[in-house]
Amino acid sequence: MLRLPRITVEVPVLAVGTRPADYEQLAAYADGLRRPQGLHMTLLHIGILEDFAADVTDWTKGATDPAAAAVKTADWLRSLPVLEGFSGTAERLVLLGGGRVSGLEVDVPQGVRDFQVSLVQALHELLDDLLVDNPDDFILSSRALGYRYPRWRPHVAVGKPRAQGGSPRGGAWEIRPLPVEFGPSQIRNRHLLPRPEPA
């Protein structure tokens, strides 16, 4: 079965630690360690664009056409500002997704948190434009957006929790502090976004 691509605003991880062994040491805590070249931190999750557009249409009881919602959302995504690259520090490995994922919890600069908040505010403006009333309620109920927590927790998913040894106390392992370098923000699967309709 073909899985449709998810759309996110994210920052790519350029480096974890100062040498390859720094990242590889995390295999002591996580199984199936992900390739370092594909690591990223999600700033805003939109999900499958067609599902998001369908959620909007359902919420507005058909007042917003799904095709128009998809095009407007794509245009909105392309117009978002870019966050410049930055550095963070990881000192803990935490359980995410109900314990199915191990992730580095990253301490990021305040400017990164402010940028993420600005993305959520911009999402509210998009939803207003799409005729969605009660954007907060929509965000928490949209299956495409998939918001489960009221606050953003900066993290980088690195693998699955080790099957042996049980869960750590408090759902986190303390690790030796690791510097984490991030590149500028980007839209995952940007090339698959629908093109604007000709005027």
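Val9 stands opposite Ile187 in strand β8. This is a predicted model, in which local features need pLDDT of at least 70, side-chain atom pairs count only at pLDDT 80 or more, and totals for chains, interfaces and linings use all residues. Residues are numbered from 1 along each chain as its sequence is written, and side-chain values use heavy atoms, with hydrogens and water left out. Strands are DSSP runs (E, at least two residues), numbered from the N terminus. Two strands pair if DSSP finds at least two bridges between them.

**Strand β1 and its partners**

- Strand β1 spans residues 7-16.
- β1 and strand β8 (residues 186-187) pair in the antiparallel sense, over two bridges.
- Strand β3 (residues 40-47) runs antiparallel to β1, and six bridges join them. Thr8 has His45 of β3 as its bridge partner.
- Strand β7 (residues 172-182) is also antiparallel to β1, with three bridges. Here Ala15 has Glu181 of β7 as its bridge partner.

**Strand β6 and its partners**

- Strand β6 covers residues 155-161. Five of its seven residues are buried, so β6 is largely enclosed by the rest of the structure.
- Strand β5 (residues 101-107) pairs with β6 in the antiparallel sense, over four bridges. Ser102 has Gly159 of β6 as its bridge partner.
- Strand β2 (residues 30-31) pairs with β6 over two bridges, again antiparallel. Asp31 has Lys160 of β6 as its bridge partner.

How values were computed. Buried < 20%, exposed > 50% of the residue type's maximum accessible area, 1.4 Å probe, protein only.
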